[in-house]
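Here is a short walk through a predicted model. Keep the structure open and follow along.

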Amino acid sequence: MAKIRVSSEYSEAEDRSIRLGLFLIACGVLSLFILGFCWISPTLQSLESKAANCTVVSVLRPEEMFECVFTCGADCRGTSLYPCLQVFVNNSESNSVVLLHHNEQQLVLNPKCSFVPQCERDNQRNIENVLRWEENFTQVVSSQAFTCYFNHQRRPDDVLWHSSHDASVLLHCILWPMVSLLLGTLIVLLTVCARSLAARAEALQKRKGSYEDLPATPPDHHSNKPEDPLTTNSDPEPPSPSRALPLFAVPVRRRDREH
C-alpha cells in the first residue's frame, strides 16, 4: 500500500508540473501578441524617428474645445472640456513648419493639438493647465532651439517633443514573453522525460521480479539410468556373525564330547 500511495502522489505532482508548463507557454504566447500590438509596433515606429533641431514659430489657441474623460472613483466617470493648444515649429531637417506634439500617446489621442492636459472634472482647471503650457512655449522654449523627433515617411507634418519609446521598451516586450515561453517548454519536456524514465525503471523492476518468482527445475523421473547401489546405500548394515562364519566350521566343544 505504501508503494501505491507514493506512485499516485508522484503522478499527481507530474500532472501539476505539466499544467504549470502549459500555463506558462500560453501566457508567453498571449503576452507576446498583446505587447506586440500595444507596445512593439509604436516602439518600432518611434525608433524609426530621427532627431532634429526645432524652433518655435507660432503658438496658437483656437476657440475649439475638445472633450476628455475623467475618473473620480470606482463608479464615477464623466467628461469635461479643455482648449486646444497648437505649437508650430520649424524643422531644421526638412526646413518646413510642422505641428509639435508632446509625445506619441498625445499624438494618437488628439492629432490636432500639441498638448492634451490631464483630464480634470472642472473645466476651468483644464484651461489653466493648457494656459500654463502656452506660457512655457511662448516665454521659455520660443527663445531657443530644442531637439525634436520626426518621421518623414509616416507623419511628415508632425514632430514630437519627447520620444517615450526606446530600445529598452522593445527589449522588455520581447524578453519576458520569451522567458515565459521557454520556461514553460522546459518544464513540460523535463516532466515528460522524468515520467518516461520512471516508466522504464518500473518495467525493468517488474521484469526482474518475474524472473525471480519462476520455480526451480523438477527432477527427471523418466530417466532409465540404473541406480548405483554404492551411491544409493551409503551406510550398509554390518553383517551378522552367523553369516560371517564358513559352512564347514564345527564347534570344538561338540567334537570333544563325542570322543
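**Aromatic cluster and nonpolar cores**

Start with the rings. Phe 115, Trp 133, Phe 137, Phe 146 and Trp 161 make up one aromatic cluster. Across the whole structure, six aromatic pairs turn up. How are the rings of Trp 133 and Trp 161 arranged? Their centres are 5.7 Å apart and their planes meet at 85 degrees; angles over 60 count as edge-to-face, so this pair is edge-to-face. Trp 133 sits in helix H3 (residues 123–139), while Trp 161 sits in the loop between strand S7 (155–160) and helix H4 (167–212), so the pair ties together parts 28 residues apart in sequence.

Is Trp 161 buried or exposed? Trp 161 has a relative accessible area of 16%, under the 20% limit, so it is buried. Trp 133, at 22%, counts as partly exposed. Helix H3 also holds Glu 134. Glu 134 counts as buried, at 18% relative accessibility. Beyond its neighbours within four places in sequence, Glu 134 contacts Val 59, Arg 61 and Leu 85.

Now turn to the largest nonpolar core. It has 18 residues, and those touching the most other members are Val 56, Val 87, Val 89, Leu 100, Phe 137, Phe 146 and Val 159. Two or more residues each come from strand S1 (50–60), strand S4 (86–91), strand S5 (96–101), H3 and strand S6 (146–151). S1 gives the most, with four residues.

Look at Phe 146 next. Leaving out residues up to four places away in sequence, Phe 146 touches Ala 52, Asn 53, Cys 54, Val 56, Val 89, Leu 100, Val 141 and Trp 161. Another core, of eight residues, lies apart from the 18-residue one. Among its members are Cys 68, Phe 70, Cys 113 and Cys 119.

Technical notes: Residues are numbered from 1 along each chain as its sequence is written. This is a predicted model: local features need pLDDT of at least 70, side-chain atom pairs count only at pLDDT 80 or more; totals for chains, interfaces and linings use all residues. Side-chain values use heavy atoms; hydrogens and water are left out. Rings of Phe, Tyr and Trp (its six-membered ring) pair if their centres lie within 6.5 Å; planes under 30 degrees apart count as stacked, over 60 as edge-to-face and the rest as tilted. Buried means under 20% relative accessible area, exposed over 50%, partly exposed in between (1.4 Å probe, protein chains only). Contact means heavy atoms within 4.5 Å. A nonpolar core is a set of buried Ala, Val, Leu, Ile, Met, Phe, Trp, Tyr and Cys residues joined through side-chain atoms within 4.5 Å.
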